[in-house]
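The briefing then turns to the overall fold, an annotated region and several individual residues.

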Amino acid sequence: MTSQRHTHDALLDATRECVLEVGVRRTTLTDVAKRANVSRMTLYRRYPDVDHLVRALMTREFAALLEQVEHTGSHGNAREQLVKRAVDAIRLLEANPLMQRVLQLDADLMLPYLTERLGSTQRLVEQFLIAQIEAGHVDGSIRFGDAKTQARVVLLSTQSMVLSTRPVTSGLDFTSLLEELAKQLDGALKP
């Protein structure tokens with residue numbers, strides 16, 4: 001199992017290197033296999049195409065980011081923690097080289113996740129938000145409502161900041177924008 005995990009991580013690491021270098025569209029399974037030092041057949045057995053490989057990479061990257069965010073903002077009530085973690089996540093995503101490279105070279109690949117369906121990474125974030133909101137219902141810091149609906153609204157509000165970093169920050173200080181978002185999230189969730 002360890003060697004399989006190592007190979008899996010090596011494949012995703014190689015994919016990350018390719019995407020950072022040339023973007024999603026120009027990344028090929030052949031290039032990933034070469035970088036990972038595995039045969040193309042090994043790669044094809046695990047991932048039928050680059051799309052599946054990139055989705056696995058993005059899920060791994062953002063699961064790690066969520067884990068990192070979960071360990072921040074542990075002071076205060078559930079609402080305060082959620083707001084801090086949401087802002088921290090946006091800050092981390094804005095600084096994430098992979099996310100920035102995808103937005104720079106292949107932003108249109110994000111469109112289906114805005115107009116057609118939620119992706120696995122968005123669902124991961126939504127589950128995180130639901131848990132935070134339910135904790136806020138319990139401690140009384142978040143107004144009572146349907147946690148799934150509240151989580152979806154928070155997800156939609158925050159993902160727009162991530163996906164629109166360049167136009168959003170045009171002529172404005174990013175830190176000031178995040179402070180304003182924090183105030184809006186806090187106000188919207190207060191009982």
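The lining of the largest pocket in this predicted model contains 27 nonpolar, 7 polar and 4 charged residues. In this classification Ala, Val, Leu, Ile, Met, Phe, Trp, Tyr, Cys and Pro are nonpolar, Asp, Glu, Lys and Arg are charged, and the others, Gly among them, are polar. Local features need pLDDT of at least 70 and side-chain atom pairs count only at pLDDT 80 or more, while totals for chains, interfaces and linings use all residues. Residues are numbered from 1 along each chain as its sequence is written, and side-chain values use heavy atoms, with hydrogens and water left out.

**The largest pocket**

- The space in the largest pocket amounts to about 790 Å³. Of the 38 residues that line this pocket, Phe 62, Met 99, Met 110, Thr 121 and Gln 122 are the closest to its centre.
- A pocket is an open set of points on a 1 Å grid over the protein atoms alone, where a 1.4 Å probe fits, with protein on both sides within 12 Å along at least five of seven lines; lining residues have an atom within 4 Å of a point. Grid points are joined across faces, edges and corners, and the volume is the space filled by probe spheres set on the points.
- At least two lining residues are supplied by each of helix H4 (50–70), helix H5 (78–95), helix H6 (97–106), helix H7 (112–115), helix H8 (120–139) and helix H9 (147–163). H4 gives the largest share of the lining, 10 residues.

**Overall fold**

- The protein has 11 helices and 0 strands. Helices (H or I, at least four residues) and strands (E, at least two) are DSSP runs, numbered from the N terminus.
- The C-alpha trace spans about 55 × 45 × 30 Å along its principal axes.
- Of the 191 residues, 42% count as buried. Buried means under 20% relative accessible area, exposed means over 50%, and partly exposed lies in between, using a 1.4 Å probe and protein chains only.
- Among contacts with a separation of 6 or more, 64% join residues 24 or more positions apart. A contact means heavy atoms within 4.5 Å.

**The annotated region**

- UniProt, in an unreviewed entry, places the feature "DNA-binding region" at residues 28–47. UniProt positions are given in the numbering used here, feature names are shortened, and annotations may be inferred rather than shown by experiment.
- Residues 28–47 are 75% helix and 0% strand, and their end C-alpha atoms are 12 Å apart.
- Thr 28 is found in the loop between helix H1 (2–22) and H2. Thr 28 is partly exposed because its relative accessibility is 32%.
- The side chain of Thr 28 reaches the backbone nitrogen of Asp 31 at 3.0 Å.
- Asn 37 lies in the loop between helix H2 (29–36) and helix H3 (40–46). Asn 37 is not a glycine, yet its phi is positive, near 60°.
- Is Asn 37 buried or exposed? Asn 37 is exposed, because its relative accessible area is 72%.

- Thr 59 belongs to helix H4 and is partly exposed, at 25% relative accessibility. Leaving aside neighbours within four places in sequence, Thr 59 is in contact with Ser 120, Thr 121 and Leu 124.
- Asp 88 belongs to helix H5. Asp 88 counts as buried because its relative accessible area is 12%.
- Not counting residues up to four places away in sequence, Asp 88 touches Val 69 and Thr 72.

**Around the end of H8**

- His 137 lies in helix H8. A polar contact of 2.8 Å joins the side chains of His 137 and Gln 150.
- A polar contact is a pair of N or O atoms within 3.5 Å; within protein, one must be able to donate a hydrogen and the other to accept it, and residues adjacent in sequence count only if both atoms are side-chain atoms.
- Ile 142 is in the loop between H8 and H9. Ile 142 is buried because its relative accessible area is 3%.
- Beyond residues up to four places away in sequence, Ile 142 touches several others, including Arg 79, Leu 82, His 137, Gln 150 and Leu 189.
- Ile 142 and Asp 186 are 44 residues apart along the chain, and their C-alpha atoms are separated by 8.8 Å.
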